[in-house]
Amino acid sequence: MDEATLLAHRGAWGSETVPARAALTRLTPEELRVYAALVGGEFGPGVRLEQELIDWDWARERLLPPGSTRGATRDREPAKRPHRPRLLVASTPPT
């Protein structure tokens with residue numbers, strides 16, 4: 001992740017008593033720098049971003065090309081679920 005995402009989501013930070021120290025070979029140079037800073041404690045001791053708490057609109061704006069509406073959810077009506085009849089079961093109290 002980039003530093004802007006990390007800093008914009010301080011409310012989603014947690015901490016690890018023993019930060020991971022792995023050889024991550026598929027990161028961009030910026031991601032490697034942020035990872036090294038996290039491991040080195042530059043953002044605080046054991047900082048960890050709970051990535052499932054990243055604001056989806058924040059992520060989408062950075063991942064989609066400018067002007068793209070693909071995947072936009074803000075102004076869209078919620079998806080309608082197909083009607084499924086409920087199965088009602090009458091129960092008889094034990095005697």
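T5 is buried, with a relative accessible area of 11%, where buried means under 20% relative accessible area, exposed over 50% and partly exposed in between, for a 1.4 Å probe and protein chains only. The model is a predicted one, in which local features need pLDDT of at least 70 and side-chain atom pairs count only at pLDDT 80 or more, while totals for chains, interfaces and linings use all residues. Residues are numbered from 1 along each chain as its sequence is written, and side-chain values use heavy atoms, with hydrogens and water left out.

T5 lies in helix α1; helices (H or I, at least four residues) and strands (E, at least two) are DSSP runs, numbered from the N terminus. Leaving aside neighbours within four places in sequence, T5 is in contact (heavy atoms within 4.5 Å) with I54 and W58. The side chains of T5 and W58 are also joined by a polar contact of 3.2 Å, that is, a pair of N or O atoms within 3.5 Å, of which, within protein, one must be able to donate a hydrogen and the other to accept it, residues adjacent in sequence counting only if both atoms are side-chain atoms. Over the ring of W58 sits the charged end of R62, a term that requires NZ of Lys or CZ of Arg within 6 Å of the ring centre and within 35 degrees of the ring normal.

| Pair | Feature | Distance |
|---|---|---|
| T5 and W58 | polar contact of side chains | 3.2 Å |
| R62 and W58 | charged end to ring centre | 3.1 Å |
| W13 and F43 | ring centres | 6.4 Å |

Helix α2 spans residues 29-39, and its buried residues are V34, A37, L38 and V39; what covers them includes α1 (3-8) and β2 (47-49). The largest nonpolar core has eight residues, L6, A12, V34, A37, L38, F43, V47 and L49, such a core being a set of buried Ala, Val, Leu, Ile, Met, Phe, Trp, Tyr and Cys residues joined through side-chain atoms within 4.5 Å. To this core α2 gives the most, with three residues. L6 touches M1, W13, V34, L38, F43 and L49, not counting residues up to four places away in sequence.

**The aromatic pair**

F43 is buried as well, with a relative accessible area of 19%. One aromatic pair is counted, under a rule that pairs rings of Phe, Tyr and Trp (its six-membered ring) if their centres lie within 6.5 Å, with planes under 30 degrees apart counting as stacked, over 60 as edge-to-face and the rest as tilted. The planes of W13 and F43 stand at 75°, so the pair is edge-to-face. This pair links distant parts of the chain, W13 in strand β1 (residues 13-15) and F43 in the loop between α2 and β2, 30 residues apart.
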